[in-house]
Amino acid sequence: MNRWGAALRTRPVAFTLLLAACVLTYQIWIGWGANNKLQASGLLGRSTPSPVEITLTVDPEQFHMVILQEAGRLIRVEKRQAFLKDVPPDMLRSLARRYWISRISAWIPES
């Protein structure tokens with residue numbers, strides 16, 4: 001036990017534990033935020049692919065477009081809003097975890 005106590009007091013071990021605690025806290029925070037986004041949109045608990053409207057906090061760049069295209073069929077983008085069809089529930093949760101997505105809502109396509 002004495003050896004473990006001495007190891008915990010070294011800088012590398014203390015820093016590693018602090019870093020791990022920060023990463024864990026961040027993961028919990030983005031998971032909580034994702035649940036809130038999906039619950040506010042009424043999409044939490046869906047089991048079928050859904051059409052969604054996604055509002056970004058920044059103007060979309062190629063990086064964002066690639067991630068959106070991987071999530072579902074990207075129909076169109078208007079300023080900071082993207083419209084996707086056929087987004088599976090697991091990809092919807094993955095999108096909701098992104099910090100640059102401020103809102104997700106159900107979307108009813110015109111045709």
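This predicted model contains three aromatic pairs.

Select phenylalanine 63 and tryptophan 100. Their ring centres are 6.1 Å apart and the planes meet at 65°; an angle over 60 degrees counts as edge-to-face, so that is the class of this pair. Phenylalanine 63 belongs to helix α3, while tryptophan 100 lies in the loop between α4 and β4, so the pair joins distant parts of the chain, 37 residues apart. Tryptophan 100 has a relative accessible area of 3%, which makes this residue buried.

Next, select phenylalanine 83 and tryptophan 107. This aromatic pair is tilted, with 5.2 Å from centre to centre and 55° between the planes. It too links distant parts of the chain: phenylalanine 83 is in strand β3 and tryptophan 107 is in the segment after β4, 24 residues apart. Both phenylalanine 83 and tryptophan 107 are buried.

The charged end of arginine 76 sits over the phenylalanine 83 ring, 4.2 Å from the ring centre.

Now turn to the largest nonpolar core, which has 18 residues. Start with Val52, Ile54, Leu84, Leu92, Leu95 and Ile104, the members that touch the most other members. To see where the core comes from, colour α2 (11-41), β1 (50-56), α3 (62-71), β3 (81-87), α4 (89-96) and β4 (101-106); each supplies at least two of its residues.

Leaving aside neighbours within four places in sequence, isoleucine 104 is in contact with Lys37, Leu38, Ser41, Leu43, Val52, Glu53, Ile54, Leu92, Leu95 and Ala96.

Conventions: Residues are numbered from 1 along each chain as its sequence is written. This is a predicted model: local features need pLDDT of at least 70, side-chain atom pairs count only at pLDDT 80 or more; totals for chains, interfaces and linings use all residues. Side-chain values use heavy atoms; hydrogens and water are left out. A nonpolar core is a set of buried Ala, Val, Leu, Ile, Met, Phe, Trp, Tyr and Cys residues joined through side-chain atoms within 4.5 Å. Buried means under 20% relative accessible area, exposed over 50%, partly exposed in between (1.4 Å probe, protein chains only). Helices (H or I, at least four residues) and strands (E, at least two) are DSSP runs, numbered from the N terminus. Contact means heavy atoms within 4.5 Å. Rings of Phe, Tyr and Trp (its six-membered ring) pair if their centres lie within 6.5 Å; planes under 30 degrees apart count as stacked, over 60 as edge-to-face and the rest as tilted. A charge sits over a ring if NZ of Lys or CZ of Arg is within 6 Å of the ring centre and within 35 degrees of the ring normal.
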